[in-house]
Amino acid sequence: MSRVLIVGAGLTGSVCACLLRRELQNRVQIVVWDKARGSGGRMSTSRPPDPCSHTADLGAQYITATVAYAKSHHSFYSELLSSGVLQPLIARIEGMRQTEGSKNYVAPGGTCSLVKHFLSQAGAELFFDRHVTGLYCRGASWEVQRKAGDRETFDAVVLTMPVPQILQLQGDLGQLLSIQQREQLDSVVYSSRFALALFFAPDVNFSFSWAARYVSDSSCIRYIAVDSRKRNADSPGLGPSLVVHTSVDFGLQHLDQDKDLVQPVIVEELQRLLPDLPQPISVKCQKWRYSQVLTAVPDSPGHMTVSDQPPLLLAGDAFTHSNFDGCVESALSALGASLV
Ligand SMILES: Cc1cc2nc3c(=O)[nH]c(=O)nc-3n(C[C@H](O)[C@H](O)[C@H](O)COP(=O)(O)OP(=O)(O)OC[C@H]3O[C@@H](n4cnc5c(N)ncnc54)[C@H](O)[C@@H]3O)c2cc1C
């Protein structure tokens, strides 16, 4: 039986794992490694330190299906809607730009529940705190090195992390890339931004009625959401959580600063925008160095094959575009390549 390693328990990795299982059933052993302590990647949902508040989506906020993707990815949408992982967005989002005919969805359990859904379908062996640092070709297999020092062997590997993190890997990857592939990967550009999650006590009520708002009069803050309102998931007894995304310009300007130093700057601006905001119980700050893809891999079919034998594929939103459908498109494209 072939042993396939998928690096990254984000949306692309989880859809790859799920599709691989559906295609090959019990003829493949699927292993997923992620360096983080949980699944989700940029679709991460943060838990409050004190469980009396709602969770908060620090990355992706809602899913927008264009008319074309609603059709071509119909099976994915109907699976997620029928299982309750996705629901139509009904809350009011001020300043949201809407493309004609497109539909918006939210994940009541947080966007990480999309990733968890596909991982649970994959029947994969899932390991966290597994930071891949190198890949070495050993005959018909890949020897994969972890930060902890040990190495494990796989018949095929799919890397789904952001491109700059792929390019940092030691071993044989660099030599196997053609000059053209290297140039394509080097041309990928990501935006950067900070995200804050503010967790409040159960007796807190906000004075505003919107669920989320795009901010146009601040150079620091671009988006604010009352997370449980946004995802139709208000539950009595739990305090609200507020999510704040900074602008890309602000993210770039403060990219190399410690997030603990940037957090008070964002909080001060939030207080200016929402002067009546009550005091949160706790605040979490996330730096998204690789937030959304601004320039994707040019002329990409959705993935890149670095080696046919043993198979080594690169996938992720950098090979398509940064959203739910981009990740699904990349996973479908990767699975079209021969892995086992
Ligand atoms: C702030 C923000 C807002 C967004 N808003 C939306 C939105 O509203 N709607 C939408 O559809 N999309 C949105 N997106 C984009 C969407 O989140 C991404 O396109 C998608 O999550 C990318 O998934 P991925 O699996 O390709 O990559 P990732 O989610 O980045 O997954 C890669 C995984 O690889 C792991 N990893 C990295 N390096 C290593 C290593 N060396 N070893 C092991 N593991 C490693 C990481 O921990 C990560 O879990 C947003 C993104 C951000 C950051």
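A: Let's start with a word we'll need: a residue is buried when its relative accessible area is under 20%. Keep in mind that this is a predicted model.

Q: Okay, so is Phe208 buried or exposed, and what about Trp210?
A: Phe208 is buried, and Trp210 is too. For Phe208 the relative accessibility comes to 14%, so the residue falls under the 20% cut-off.

Q: How do I read a pair of aromatic rings?
A: Two things describe such a pair: how far apart the centres are, and the angle of the planes. Here, Phe208 and Trp210 have ring centres 4.1 Å apart and planes at 15 degrees, so they count as stacked. Phe208 also pairs with Phe206: those centres are 5.2 Å apart with the planes at 10 degrees, so this pair is stacked as well. Phe206 is buried, at a relative accessible area of 11%.

Q: Which residues form one aromatic cluster?
A: Phe200, Phe206, Phe208 and Trp210 do.

Q: And how many aromatic pairs does the structure hold?
A: There are 10.

Q: Where does a charged end sit over a ring?
A: Look at Arg151: its charged end sits over the ring of Tyr136, 4.1 Å from the centre.

Q: What about the exposure of Cys137?
A: Cys137 is partly exposed, with 29% relative accessible area.

Conventions
Residues are numbered from 1 along each chain as its sequence is written. This is a predicted model: local features need pLDDT of at least 70, side-chain atom pairs count only at pLDDT 80 or more; totals for chains, interfaces and linings use all residues. Side-chain values use heavy atoms; hydrogens and water are left out. Buried means under 20% relative accessible area, exposed over 50%, partly exposed in between (1.4 Å probe, protein chains only). Rings of Phe, Tyr and Trp (its six-membered ring) pair if their centres lie within 6.5 Å; planes under 30 degrees apart count as stacked, over 60 as edge-to-face and the rest as tilted. A charge sits over a ring if NZ of Lys or CZ of Arg is within 6 Å of the ring centre and within 35 degrees of the ring normal.
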